[in-house]
Amino acid sequence: MRSWSRQSGWWWLAIACGLALRAIFAVHHPRFDGDTLVYGDLARNMLDHHIYGLTEGMRVRSTMIRLPGYPLFLGLCFNLFGEGRYSAAVWVQIVLALAACWALARAAARSLGERVGLAVLWLACLCPFTAEYDALALTESLAMVCLVVALVALQRWQGDRKARWAVAMGAASLFAVLLRPDRGLLAMVCVLAMIVFARRRAVMPVLLVCGMVSLPLAGWAVRNWRVFRVIQPLAPKYANDPGEYVAPGFNRWYRTWAVEYWSTVNTYWMWDGGVIRLSDLPDRAMDTPAERAKTAHAYELYNRQQSATRPVDAIFAEIAAERAARHPLRTYVLMPVGRVADMWLRPRTEFFRLPLAWWRWREHPGASIVCALYAALNLSLLLLALVGLRRWPKWWREPLPLAGVMFVALRTVLLLTIDNSEQRYTVECLPVVLLLAGVALAQRKTSLPESAATFSKAD
């Protein structure tokens, strides 16, 4: 207890520094556009019209393109602080995120001692990648909070088997999947870890977690059936409502060559509403002069209306089939792996006023240096995480690191199926990365330090 009292000042200082960093992002780099406005529109229509839908002119159209988790959060914040007050929602996120940093650090301290816990706290509070998302009105910040809550609850449940920790896991997993459908992985990881560590004694807690996650999703599925007459328990992959054209040909063609975030912004997001330029395509997108001519023709037809049409999509589908037949290894292996690598390794500066083509040093040398430093920091954290995993004594026998590694691994495998590369798809894994990186910085022995038991008693 005395050891904790002596060190508590450093813990509070870390929290204060984390708050200051997030305040800088929130005050000096506010950004409320894109998906934020979609979520805000859904929240306002729930409050004002009691319809889960999007505003179109003078009416509200029901939709199922987004799960209701984040709109519910924004609706609660709008109800408390005023409609449209996105900044208030951001500050709520910041408080929750700092509480999650504290909880993650305490969990690390229970396993490996106060020194490791303090290292994890400082890394979690001062990581600019997570702090950036805490200051944005997007789902990623709350998704990271849910991950931490679930991992900490799993650790505590493994220690005393009390039902309240299973309830906490279920609640965190439920809200995570209501934020985005792919976050159902968190519930899967919790269930698998509970079975690994408790076997037969995990039956009732597992049923509790599964029930907490399943029942609200069943309600969402019933709503979608009543409104749209479709079976959809989550949200569509391409965020489309029934009857909206998805353009499968374009998506297949895009997957045959796209790797970098640059292509996501300038081609993938521009499709069906914006101008796309042939000059934005890399050389690997067109293998032969004949393919280049066919692609240019498809671009020309599309840009006349700037909307997805079946005739244009058919041309892209034909090109995609030819490319896949010509280079199946590239299409089905190299490109998916390249997209995942880009999501993990690219400089996490997508919401800064920095160039997307950061590698073009002659065009913007100063900005390119900043991006390169961010990339180096990101890579350093990933390498430290690998070192930390090696230094964690028998990590596969502890719920906290095992579940965290399982989540990151499953998340990475799932991302192999994604069309477009975006760094935000991996940012929710960063709490696990920061946890392991903190172990690398502070844990130098291969055995459990005595301070872990001391801290556990004080906790």
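How does the radius of gyration of the protein chain agree with that of a compact globule of 459 residues? The protein chain has 23 Å, and a compact globule with 459 residues would have a radius of gyration near 23 Å, so the two agree. Keep in mind as you look around that this is a predicted model.

**The chain as a whole**

Start with the secondary structure: the protein chain has 20 helices and two strands. Along the principal axes, its C-alpha atoms fill a box of roughly 75 × 55 × 45 Å. Some further values for the protein chain are gathered here.

| Property of the protein chain | Value |
|---|---|
| Buried residues, out of 459 residues | 54% |
| Contacts with a separation of 6 or more that join residues 24 or more positions apart | 73% |
| Accessible surface | about 20800 Å² |
| Part of the accessible surface belonging to carbon and sulfur atoms | 64% |
| Distance between the mean positions of the 51 positive and 33 negative charges | 10 Å |

**The nonpolar cores**

Now for the inside. The largest nonpolar core has 104 residues, and Leu 74 and Trp 157 are those with the most contacts inside it. Helix H4, which covers residues 86–112, gives the most to this core, with 14 residues. A second, separate core has 21 residues, among them Trp 257, Tyr 268, Val 312 and Ile 319.

Beyond its neighbours within four places in sequence, Leu 74 is in contact with Thr 36, Tyr 39, Gly 40, Ala 43, Tyr 86 and Ala 89.

**Helix H12 and its cover**

Which residues of helix H12 are buried? They are Tyr 261, Trp 262, Ser 263, Thr 264, Val 265, Asn 266, Thr 267 and Tyr 268. Because eight of the eight residues of helix H12 (residues 261–268) are buried, this helix is largely enclosed by the rest of the structure. The cover over these buried residues includes helix H11 (248–255), helix H13 (289–305) and helix H15 (328–345). Tyr 268, one of the buried residues of H12, is also included in the second core.

**A residue in helix H15**

Helix H15, part of that cover, is also where you will find Thr 331. Is Thr 331 buried or exposed? Thr 331 has 7% relative accessibility, so it counts as buried, the cut-off for buried being under 20%. Setting aside neighbours within four places in sequence, Thr 331 is in contact with Arg 255, Thr 256, Arg 323, Ala 324 and Pro 336.

How values were computed. Residues numbered from 1 in each chain as written. Predicted model: local features only at pLDDT ≥ 70, side-chain atom pairs only at ≥ 80, totals over all residues. Heavy atoms only, no water. Helix = DSSP H or I, 4+ residues; strand = E, 2+ residues; numbered from the N terminus. Rg over C-alpha atoms; globule rule 2.2 N^0.38 Å. Buried < 20%, exposed > 50% of the residue type's maximum accessible area, 1.4 Å probe, protein only. Contact = heavy atoms within 4.5 Å. Areas by Shrake-Rupley, 256 points an atom, 1.4 Å probe, with all protein chains shown as cover. Lys, Arg positive; Asp, Glu negative; His and termini not counted. Charge placed at Lys NZ, Arg CZ, Asp CG, Glu CD. Core = buried A, V, L, I, M, F, W, Y, C linked by side-chain atoms within 4.5 Å.
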